[in-house]
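The sequence and structure come up here.

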Amino acid sequence: MSIKRTAEHNRQTAETTVEVKINIDGCGKSKIDTGVPFLDHMLTLFSKHSLCDLDITANGDIEVDYHHTVEDVGIVLGTCIKEALSNKKGIYRYGWALLPMDETLTRVAVDFGGRPYLSFKAPEKIESIREFSFGLVEEFLRGFSNNAGANIHVEVISGRDAHHMAESIFKGLAKSCDIAFKIDPRVEGVPSTKETL
């Protein structure tokens with residue numbers, strides 16, 4: 001590939017400082033330190049299965065709650081992906097995955113067409129994963145979707161274990177992104193009849 005699809009972005013608020021570097025055409029290497037161990041785990045496997053190289057550091061008010069840090073990491077990662085995709089010439093644009101993990105089955109579909117939307121369906125009253133509330137997965141995805149300009153549909157079709165459900169979502173997102181980010185040599189320009197995304 002002649003054009004480097006990389007980006008880096010810093011975001012500072014009164015609640016968090018987040019820095020993300022991404023190489024979409026990487027090999028799944030990552031260096032993650034958000035101060036939220038479960039989020040680190042999810043982002044590491046996102047990198048591994050999307051084949052994006054990721055370098056993420058965050059310093060947030062985790063003594064209050066994990067919410068701000070998780071949401072803001074999603075925001076900055078989405079921002080970097082949007083920048084790295086640039087004009088989106090030649091990309092597949094769409095990606096999808098049906099991801100099994102033990103008793104859990106999750107469906108994820110994405111469209112990086114520039115119109116943010118999140119549909120998130122999961123069983124109600126899912127237990128926390130240690131101090132990590134399962135609802136934070138949805139908050140991460142909302143920040144990611146809004147800032148990447150991505151339409152994301154997530155449905156946990158079946159599952160009981162909170163860790164398995166969260167992991168299947170992040171892996172499903174990763175595999176969907178891997179497909180959507182690929183360059184299709186048959187595509188001239190951007191993959192839209194509007195000729196712009």
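Start with the helix pair: His 67, Val 70, Glu 71, Val 73, Gly 74, Ile 75, Leu 77, Gly 78, Thr 79, Ile 81 and Lys 82 in H2 meet Leu 136, Glu 139, Phe 140, Gly 143, Phe 144, Asn 147 and Ala 148 in H3 (contact means heavy atoms within 4.5 Å). By class, that contact has nine nonpolar, six polar and three charged residues, with Gly counted as polar.

This is a predicted model, with local features needing pLDDT of at least 70 and side-chain atom pairs pLDDT 80 or more, while totals for chains, interfaces and linings use all residues. Numbering runs from 1 along each chain as its sequence is written, and side-chain values use heavy atoms, leaving out hydrogens and water.

The axes of H2 and H3 come within 7 Å and cross at roughly 30 degrees (lines fitted to C-alpha atoms, for helices over the stretch in contact; angles run from 0 to 180 degrees between N-to-C directions). The two helices are therefore roughly parallel, a label for angles under 35 degrees.

Now the sheet: four strands make it, open and mixed, in the order S1-S2-S4-S3 (strands pair if DSSP finds at least two bridges between them). S1 and S3 stand at the edges with a single partner strand each, so one side of each lacks a neighbour in the sheet. S3 and S4 pair in the parallel sense over four bridges, and Lys 31 has Asp 55 in S4 as its bridge partner.

| Helix | Strands touched or crossed | Angle |
|---|---|---|
| H2 (residues 67-85) | touches S1, S2 and S4 | about 35 degrees with S2 |

Technical notes
Angles under 35 degrees count as roughly parallel, over 145 as roughly antiparallel, 65 to 115 as roughly perpendicular and the rest as oblique.
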